[in-house]
Amino acid sequence: MRFDENADLDTSHIDDQRGGGGGGGGGAFGGRVAVGGGGLGIVGLILYFLLSQLGGGGDGGGGLSLPGGLAGLSSGSTADTSAIASSCKTGAQANTQLDCEVVADINSIDGYWTDAFARSGQTYVAPRTNFFNGSVNTACGAATSDTGPFYCPGDNEVYIDLSFFQELQTRFGAKGGPFARAYVIAHEYGHNVQFLLKTSNRVQAGDTGPTSGSVRLELQADCYAGVWGNHATTTPTASGRPLITGVTQDDVKAALDTASRIGDDFIQTNLGGGRVDQSQFTHGTSAQREKWFTTGYTTGDPSKCDTFARNVNLG
């Protein structure tokens with residue numbers, strides 16, 4: 001996957017706390033982030049379970065509402081938007097710098113969902129994305145990098161420590177690459193779509209199991225990520241033309257490889273002691289995650305992503 005080198009990037013939806021050392025607090029493994037309602041991302045709920053079994057997780061209490069100002073910042077900390085605005089201006093920088101690459105992904109994803117909502121007579125509200133190092137405070141509670149990327153509906157913000165992408169390769173054994181990383185971001189933005197459509201309300205906190213609402217929510221977010229991927233090379237952004245100039249079959253295979261390594265069964269087998277416990281499934285199996293990303297990618301149609309439909313075959 002490559003970006004149009006002459007296209008402009010828009011950093012107006014980015015909060016960058018990396019220079020401030022993160023938002024602080026939160027306890028080991030980020031276990032204080034609220035569980036449920038799409039509040040945790042691709043691996044957050046799985047790691048929450050695994051690590052709480054090892055004595056590291058929190059109680060998954062309800063979310064918090066932050067008073068006024070910029071959500072997601074601890075007392076005395078600020079988000080420096082000027083630095084990333086000056087360093088991430090064009091697609092050329094997205095081709096060489098990870099943070100600029102993620103900015104470009106966000107621009108494309110927002111562009112697609114803005115158009116998709118408008119076509120259905122609705123208004124898309126874009127989330128902000130927060131880059132942090134180590135730990136962060138959010139309207140869903142405090143978290144550390146070990147939580148993985150997550151979307152917090154309480155402040156409508158996606159949180160990510162960019163070192164997670166390296167973790168996917170070193171700890172999970174994923175191939176990586178720009179389209180695989182974009183899949184991760186698009187999945188989190190899928191949770192924003194679910195929040196706007198009130199699909200998240202169908203999931204109870206602590207709901208687990210192979211056909212649980214949590215699994216259905218995560219598989220749908222995978223499907224939404226695939227839908228964006230289908231339109232990635234044709235969706236114009238603020239520059240008036242698509243930011244992404246090409247997605248190859250190898251790119252798609254890399255995204256599917258990432259999906260396969262963040263399934264409940266893979267993580268429980270390889271990072272959780274070797275025993276698969278379906279009663280604790282929260283995100284779906286590797287095969288299911290691949291299936292639903294593929295469904296979105298091949299159809300390009302969000303209506304094909306109804307994992308909550310009666311008698312739907314989850315895979």
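Colleague: Is C88 buried or exposed?

Modeller: This is a predicted model, and in it C88 counts as buried because its relative accessibility is 1%, below the 20% cut-off.

Colleague: What is the handedness of the link between C88 and C100?

Modeller: Handedness is read from the torsion about the S-S bond. For C88 and C100 that angle is -80 degrees, and the link is left-handed. For C140 and C152 the angle is 95 degrees, and the link is right-handed.

Colleague: Where do C140 and C152 lie?

Modeller: C140 is in the loop between strand 4 (135–138) and strand 5 (141–144), and C152 is in strand 6 (residues 150–152), so their bond ties together parts that are 12 residues apart in sequence. In space, the C-alpha atoms of C152 and C140 are 5.9 Å apart. The S to S distance of this disulfide is 2.2 Å. Both C140 and C152 are buried, with C152 at 0% relative accessibility.

Colleague: Which residue does the disulfide join to C223?

Modeller: C223 is joined to C305, with an S to S distance of 2.1 Å. This pair links distant parts of the chain: C223 lies in helix 7 (residues 213–231) and C305 in the segment after helix 10 (286–299), 82 residues apart. The torsion about the S-S bond is about -70 degrees, so the disulfide of C223 and C305 is left-handed. C223 counts as buried at 0% relative accessibility, and C305 is buried with a relative accessible area of 0%.

Colleague: Turning to the nonpolar cores, which residues touch the most other members of the largest one?

Modeller: As a general idea, nonpolar side chains in soluble globular proteins tend to be buried together. In this model the largest nonpolar core has 59 residues, and W113, F165, W228 and F293 touch the most other members.

Colleague: Which elements give two or more residues to this core?

Modeller: They are helix 4, strand 7 (157–160), helix 5 (164–170), helix 6 (178–196), helix 7, helix 8 (249–260) and helix 10. Helix 4 gives the most, with 10 residues.

Colleague: With neighbours within four places in sequence left aside, which residues is W113 in contact with?

Modeller: Contact is read from heavy atoms within 4.5 Å. Once those sequence neighbours are set aside, W113 is in contact with Y124, V193, Y224 and P302.

Colleague: Which residues are among those of the other core, of 8 residues?

Modeller: That core lies apart from the largest one, and its 8 residues include V136, C140, F150 and Y159.

Definitions and conventions
Residues numbered from 1 in each chain as written. Predicted model: local features only at pLDDT ≥ 70, side-chain atom pairs only at ≥ 80, totals over all residues. Heavy atoms only, no water. Disulfide = S-S within 2.5 Å. Buried < 20%, exposed > 50% of the residue type's maximum accessible area, 1.4 Å probe, protein only. Helix = DSSP H or I, 4+ residues; strand = E, 2+ residues; numbered from the N terminus. Core = buried A, V, L, I, M, F, W, Y, C linked by side-chain atoms within 4.5 Å.
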